[in-house]
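The following dialogue concerns the packing of secondary-structure elements in one chain. Please consult the sequence and the model while reading.

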Amino acid sequence: MKPLRVLVLSHPDLIAPASTVGRNERELYNWKTVSSVMGALLAAGHDVRALGVQFELRPIRDEIVGWQPDVVFNLLEEFHGETAYDQNVASYLELLRAPFTGCNPRGLMLSRGKDLSKTLVAYHRIPTPDFAVFPMQRKVKRPPRLEFPLIVKTLSEDASRGIAQASVVNSDEKLAERVAFIHERIGTAAIVEQYVEGRELYVGVLGNDRLRVLPVWELEFGDSSSRANRIATARVKHDPVYQERRGILQGPAEDLSPELEARIQRLAKRIYRTLALDGYARIDFRLANDGTPYFLEANPNPEIAETEEFAQAAAHDGLEYAQLLERIIALGIRRAKLRG
């Protein structure tokens with residue numbers, strides 16, 4: 001790929017300062033994605049700028065008009081503190097006719113609402129845990145079809161926000177308490193799903209029309225003697241100290257038959273297309289003890305740091321990090337050309 005001008009768009013707090021000497025591990029962890037992407041692109045010879053955006057769209061327009069980047073590498077997952085507004089930023093980039101990486105606005109909208117994405121996927125007869133939505137300021141009354149144990153999540157936030165061991169409930173009293181927690185502390189409606197005991201699997205998908213499905217990846221929960229529920233809590237996903245202490249790892253899913261692995265990858269492709277995703281995305285499954293892969297959620301524009309599961313799965317499939325980023329850029333530019 002010829003050298004390009006690449007504008008990296010992110011939340012301001014996720015862009016590292018010029019010097020990180022003396023910074024703590026949590027700060028370094030928060031900066032890892034933007035630093036990883038920018039470092040790899042700079043090493044490949046591209047001209048790269050980072051732009052932190054959160055409350056104003058004008059800086060995006062000023063940078064695109066003034067600097068005229070060839071592509072925007074979109075790492076922005078929220079706007080005005082709302083994850084649901086990521087689709088609006090993508091729409092704004094489309095209106096500016098600026099090529100950008102990652103998912104289109106429609107795919108972001110369809111996958112962001114967990115109830116909508118599950119409904120669409122279930123319509124195509126893809127196994128999905130039964131669920132119910134509890135809007136804010138409504139009485140919590142469990143539908144009889146939902147049997148314990150259940151898991152309570154935020155309806156629209158991602159990154160395991162609000163998920164803890166207390167999210168798995170076994171009584172109506174605990175259910176009401178956890179739904180109230182989501183309403184009051186997270187500020188969203190709650191989605192309550194049938195809890196599936198099993199393995200946590202992730203499948204990366206890369207492409208617009210022609211799709212490349214990455215190897216099935218697994219989140220290993222470490223000490224099997226622990227009585228804790230084996231779920232991807234916020235600490236499991238984003239706390240390096242906790243991960244090291246508990247032996248939490250991620251890597252290729254082992255002991256899957258070739259038939260089962262192929263089935264999971266086919267399901268990932270079907271889900272990707274059903275939800276109108278493009279660019280790159282990660283599809284999350286729960287593999288039940290009876291061998292049924294249940295769709296949990298789709299993550300458009302997932303974590304793309306070199307050390308995280310998407311890039312690691314790509315490397316395992318023969319796509320090194322610099323190649324992965326350039327492939328993502330090429331997909332964004334190609335989509336923009338097709339749209340004129």
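**Sheet and helix packing**

In this predicted model, an open sheet is built from 4 strands in the order β4-β7-β5-β6, with antiparallel pairing.

Student: Which are the edge strands of the sheet?

Tutor: The order of the strands is β4-β7-β5-β6. An edge strand pairs on one side only. The edge strands are therefore β4 (131-134) and β6 (168-169).

Student: Which residue in β7 stands opposite A132?

Tutor: β4 and strand β7 (residues 190-194) run antiparallel and are joined by 4 bridges. Opposite A132 stands V192.

Student: Which helix packs on the sheet, and what angle does its direction make with that of β5?

Tutor: Helix α6 (residues 172-186) packs there, touching β4, β5 (150-154), β6 and β7. The direction of α6 makes with that of β5 an angle of about 10°.

Student: How is α3 oriented relative to α4?

Tutor: The axes of helix α3 (residues 86-95) and helix α4 (residues 105-112) come within 8 Å and cross at roughly 170°. Angles over 145 degrees count as roughly antiparallel. Hence α3 is, relative to α4, roughly antiparallel.

Student: How many residues of the contact of α3 with α4 are charged?

Tutor: D86, Q87, A90, S91 and E94 in α3 meet P105, L108, M109 and R112 in α4. These residues divide into 4 nonpolar and 2 polar, and the charged ones number 3.

Student: How is α4 oriented relative to α5?

Tutor: α4 packs with helix α5 (residues 114-123) at an angle of about 95°, their axes being 5 Å apart. Angles of 65 to 115 degrees count as roughly perpendicular. Therefore α4 is, relative to α5, roughly perpendicular.

Terms used. Residues are numbered from 1 along each chain as its sequence is written. This is a predicted model: local features need pLDDT of at least 70, side-chain atom pairs count only at pLDDT 80 or more; totals for chains, interfaces and linings use all residues. Side-chain values use heavy atoms; hydrogens and water are left out. Axes are lines fitted to C-alpha atoms, for helices over the stretch in contact, and angles run from 0 to 180 degrees between N-to-C directions. Helices (H or I, at least four residues) and strands (E, at least two) are DSSP runs, numbered from the N terminus. Angles under 35 degrees count as roughly parallel, over 145 as roughly antiparallel, 65 to 115 as roughly perpendicular and the rest as oblique. Contact means heavy atoms within 4.5 Å. Ala, Val, Leu, Ile, Met, Phe, Trp, Tyr, Cys and Pro count as nonpolar, Asp, Glu, Lys and Arg as charged, and the others, Gly among them, as polar. Two strands pair if DSSP finds at least two bridges between them.
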